[in-house]
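Let's take a walk through this one together, starting with the sheet and ending at a pocket.

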Amino acid sequence: MAVNLGVHVYEQATSVSTPVTADVGVPYVVGLAPVHAAANPAKVNTPVIVTSWSEAVDKLGFSYDWERYTLCEFIYSHFQLFGCQPVIFCNVLDPDKMRTAVEEKEYTVEEHAVKLPFDLIADTLTVKNGTDALTLDEDYSILYDENKNACIVELLSSGSHYSAAALTIGGYQVKTDEIVVADIVEGLGEIDSCMNTVGVIPDLICAPGYSHNSVVAAVMAAKAAGINGLFHAKAIIDCDSGPDGVRQYSDLIGYKNRNNFIDENQILCWPMVQLGDYRFHMSTQLAGLMAQVDTANMGCPYESPSNKRYQMDCCCLADGTEVGLTFEQSCIIAGYGIVTALNFMSMGWTCRNNYTACYPANTDVKDYFIPVSRMFDWVGNTVIRTFWSKLDKPMTRRFADSILDTCNIWLNGLTNMERLLGGRAELLESENNVLDLMAGIIKIHIFMTPPSPAQEIDFILEYDPAYVTAAFS
């Protein structure tokens with residue numbers, strides 16, 4: 001055996017780990033997108049991560065018909081108005097299955113082009129000049145114009161039919177009205193595949209245009225309570241403001257209770273908001289606002305979105321009817337555990353309310369305050385990601401101490417930055433009995449106190465007659 005001569009250096013793993021902080025302000029949005037108009041359409045019913053407006057249009061298409069293509073509302077709000085990213089979208093509209101035939105019809109050519117309905121599917125179109133069949137990319141091209149809400153067939157000058165006066169066109173168009181609640185629920189179920197498909201776990205769940213449905217809202221809450229059975233999120237849902245929904249604030253509490261919108265993982269919104277000619281579900285803008293606030297705080301969700309500015313110029317119902325809310329009425333709505341909007345104190349239109357939907361029935365501060373509840377979610381998600389790699393290692397005292405040290409260093413840092421008022425991790429003997437330890441089960445108890453939002457500041461004014469005496473003495 002050779003003698004091991006010389007000076008040798010060996011490295012040992014660091015006793016504490018660097019926390020893998022969970023992503024925050026990342027929405028998972030389910031709905032309909034005009035993927036038939038996309039240059040590189042994303043796979044249907046599959047999460048796709050998007051980081052910019054151009055990428056969203058490229059993968060999902062875009063239309064201003066937001067009542068039919070509900071994801072487009074979110075694309076516009078999140079990227080154009082709030083400038084936040086990323087977003088994980090799940091489109092449930094399948095043009096290959098949800099389509100109907102359109103009979104051939106003759107169209108007049110104007111300026112070498114024919115304007116068709118936006119819903120037509122480009123790769124199904126047949127284009128003829130009389131009896132002559134035209135060839136795509138040789139005789140004509142197809143483009144989608146979201147501003148004109150049209151599919152445009154444009155004759156190419158290099159083709160032999162450039163001067164045609166009329167074209168006969170047929171094909172298929174998408175049928176958005178074939179989408180049912182079960183399709184949205186199926187899309188929500190795909191949130192469990194986010195870690196595998198896009199490598200990101202979302203912490204906000206949205207379904208604009210569908211979240212007011214009690215079944216959809218219940219599934220959103222269930223997913224928010226345990227993505228992959230592990231990670232926590234918040235479901236942002238809307239009260240229905242349509243003809244059969246809530247049209248005045250006094251009906252909100254009955255609507256909320258009737259639809260069972262009382263979960264601590266739900267954030268309930270009413271009414272809709274409008275900016276110029278564009279109408280948004282409040283859940284859409286709230287998701288953008290929350291992402292904006294989280295980003296400003298270096299990815300820590302300890303601050304409430306309340307009293308921060310929406311991108312809007314009025315509140316409205318689904319039919320566009322304007323809703324005027326006074327300060328007193330907004331306080332009543334907030335007392336119902338519902339997020340609304342308020343234009344007050346020359347601050348412009350701001351988000352109003354710090355409570356999740358469980359308020360006022362649930363009075364546990366970690367459940368009913370939005371930022372406090374989100375901090376518990378975030379810390380929980382972070383420790384899962386940080387210590388997942390330690391699973392199945394030998395459970396020794398040094399093993400436990402390394403977890404405690406990592407947690408306490410991180411919690412102390414959050415406390416110093418005033419993200420927490422205080423926090424610590426302990427290994428309590430009362431929670432770790434011998435049988436559990438023998439079975440490979442160890443429990444780390446984290447004590448933490450996120451700051452509550454200062455939603456009421458009281459000044460006490462008192463007349464002091466001593467100042468009169470002092471003034472004239």
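**From the sheet to the pocket**

Keep in mind that this is a predicted model. Start with the open sheet: it has 8 strands with mixed pairing, and their order is β2-β3-β1-β11-β12-β13-β18-β19. At the edges you'll find β2 (48-50) and β19 (349-352), and because each has a single partner strand, one side of each is left without a neighbour in the sheet. Step from one strand to the next and the twist averages 25°.

Now zoom in on β11 (residues 204-206) and β12 (residues 234-238), which pair in the parallel sense over 3 bridges. To find your place there, look for Leu204, whose bridge partner in β12 is Lys234.

Next, the helices. Helix α3 (residues 181-189) lies across β1 (27-31), β3 (87-91) and β11, and it runs at about 155° to β1. Helix α7 (residues 282-296) also lies across β11, along with β12, β13 (266-269), β18 (338-343) and β19. The angle between α7 and β12 is about 145°.

That leaves the largest pocket, which holds about 650 Å³ of space. Sorted by class, the lining has 15 nonpolar, 9 polar and 4 charged residues.

Methods
Residues numbered from 1 in each chain as written. Predicted model: local features only at pLDDT ≥ 70, side-chain atom pairs only at ≥ 80, totals over all residues. Heavy atoms only, no water. Pairing = 2+ DSSP bridges. Helix = DSSP H or I, 4+ residues; strand = E, 2+ residues; numbered from the N terminus. Axes fitted to C-alpha atoms, helices over the stretch in contact; angles between N-to-C directions. Contact = heavy atoms within 4.5 Å. 1 Å grid on protein atoms, 1.4 Å probe; cavity = no way out; pocket = protein on both sides within 12 Å on 5 of 7 lines; lining within 4 Å. Points joined across faces, edges and corners; volume = space filled by probe spheres on them. Nonpolar A, V, L, I, M, F, W, Y, C, P; charged D, E, K, R; others polar.
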